[in-house]
Amino acid sequence: MDVWALLKELFSGVVYMGTFEGVKTLIMFTIAGILIYLAIKKDYEPALLLPIGFGAILANLPPIIDTVTGNPAASVLGSEGFLTVLFNAGIKNELFPILIFIAVGAMIDFSPLLKEPTMIFFGAAAQFGIFATFLLALFLIPNVLPDVIAMAEGPEKQSLVLRLASAIGIIGAADGPTTLYVANHFKLTEYMAPISVAAYSYMSLVPVIQPPVIRALTTKKERTIRMTYTEQRAPRVALILFPIVVTALAGIIVPMSAPLVGSLMFGNLLRECGVLERLSKTAQNELANLVTILLGLTIGSTMVAANFLRWDTLLILGLGLVAFVFDTAGGVLFAKLINLFRKNKINPMIGAAGISAFPMSARVIQKMAKAEDPYNFILMQSISANVSGQLGSIVAGGLVITLVGLVIGW
Amino acid sequence: MLGAWLSMASEAVVTAAETAAPTGLVALSLPMKGLVTTVFGLLGVFLVLLLFFVSIKLMQRIGAKKENAHE
């Protein structure tokens, strides 16, 4: 037997690392290493960034070549690899985002919102960035990525631009599960890696991205506006009725949002019903932890070099950031607009909490308010806007799927 | 009689929705499609959240009545 051939087969991974594909693998290892570093050292959403980073390492390991057929055999990826199995079982059929929303719903207390329902409109205003970025992406994608669009044929070109633009816009909502839901619904498997990485990493970068935007749009006087709040909880009957009514309304008006709204509200009903504490705790802890691990790992597995090291990744990451900034600005400017007509002024920083990153955004707003005035307490109002952002982003996701589906004839 | 009328009406609505509306929208140019999605999307989000707002107001009333009845 040829010893050289034997050695080559035995150390196929080492040989692979010496090729151009191997260099790409090393770049992906570096990117994965940065994600893991941010998770461990900087504590940026470690529950997500660490599994994503490790998933990316697994997905970029050298393939095992079948000596008989010469094709890549099942390793962690491949048709029977465990990451592919996880992807098909949880992302492709939209199961993981749904399960995560049951957990999130069980964690959310809608009481502040039920006591100050006017805050719900910030959850709508802060979706402005989704649509502004969607329009921007419609213009940029054909001009910046003509090669990508050229690969599609006829009406499929327009369809691809619109589908990709909507998934990029949704990144601005800072709502990972909804972003995945939209991207998956529009069959953007090839773009899943940059889209999900942008969505989840910007979510974790709320404390870095939001404060400069808020400061740029508000005066010190506006940032020190105080607001009153009473500690009392909302009536129990209202807390129980809320998830049921919202599910029914969303399901009737925007049916495409029903899976996400329904699972979020089911989780919330588990929490508020008062007779299923064990299930509520399970949803908040075991279910949330388990699905987060699997979701993170599976998202990481989409970061294969061939799908990630491309120009469109840069465009998606850039536009995702723009969407996030626009969303924050939309919320703040809406609050300033409302203040023109109100006697009791709203602290405009609260508008920025209308995004979906819960409860991080509300905490950031409170921290900023405290930095300006140590005795200013606007956490509860920020939380009201923040939970409204959860609802707003899901509704926006459902509407985008419906409307884009209509205009492309899906 | 009413059942037959209802099924006829719903069939007509479904047929109209399936044929008329989408064909017109599909023929639009890319920027127009973008504008339609943006305008209806933003309005839709505000409308749905407005409905949530109204329902919360109603629930607050129900909750307050219940609490008053308890007291």
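**Group meeting: helices, loops and the A–B interface**

Good morning. I begin with a proline: Pro359(A) sits in the loop between helix H21 (349–352) and helix H22 (360–372) of chain A. The peptide bond that joins Phe358(A) to Pro359(A) is cis, with omega at about -5°. Please bear in mind throughout that this is a predicted model.

Two further loops of chain A deserve attention. In the loop between helix H5 (82–91) and helix H6 (95–107) of chain A we find Glu94(A). Although Glu94(A) is not a glycine, its phi is positive, about 65°. Is Glu94(A) buried or partly exposed? Glu94(A) has 16 C-beta neighbours inside 10 Å and therefore counts as partly exposed, since a residue needs 20 or more to be buried.

The second case is Ala174(A), in the loop between H11 and helix H12 (176–185) of chain A. Ala174(A), also a residue other than glycine, has a positive phi near 55°. Here the surroundings are as follows: Ala174(A) has 33 C-beta neighbours inside 10 Å, so it counts as buried.

I turn next to the packing of helices. H6(A) and helix H18 (residues 277–301) of chain A pack at an angle of about 145°, and their axes are 8 Å apart. The crossing of H6(A) past H18(A) is left-handed. From H6(A), the residues in this contact include Phe96(A), Leu99(A) and Met107(A); from H18(A), they include Ser280(A), Leu287(A) and Thr298(A). Which classes of residue make up the contact of H6(A) with H18(A)? There are 13 nonpolar and 3 polar residues, and no charged ones.

Let us now consider the two chains together. In chain A, 40 residues are in contact with 32 residues of chain B. Several helices of chain A each supply at least two residues of the side that touches chain B, among them helix H9 (128–144), helix H16 (236–253) and helix H23 (379–408). The largest share of that side, 12 residues, comes from H23(A). By class, the side of chain A that touches chain B comprises 34 nonpolar and 6 polar residues, with no charged residues.

Finally, H23(A) itself. At 1.5 Å a residue, its 30 residues should span 44 Å, and the end C-alpha atoms of H23(A) are 42 Å apart, which agrees. Of the 30 residues of H23(A), 26 are buried, so this helix is largely enclosed by the rest of the structure. Just after H23(A) comes Gly409(A), with a positive phi of about 75°.

Thank you for your attention.

Conventions
Residues numbered from 1 in each chain as written. Chains lettered and ligands numbered in written order. Predicted model: local features only at pLDDT ≥ 70, side-chain atom pairs only at ≥ 80, totals over all residues. Contact = placed C-beta atoms within 7 Å. Helix = DSSP H or I, 4+ residues; strand = E, 2+ residues; numbered from the N terminus. Nonpolar A, V, L, I, M, F, W, Y, C, P; charged D, E, K, R; others polar. Buried ≥ 20, exposed ≤ 12 C-beta atoms within 10 Å, placed from the backbone. Expected span 1.5 Å × (residues − 1). Axes fitted to C-alpha atoms, helices over the stretch in contact; angles between N-to-C directions. Left-handed = near helix turned anticlockwise from the far one by under 90°.
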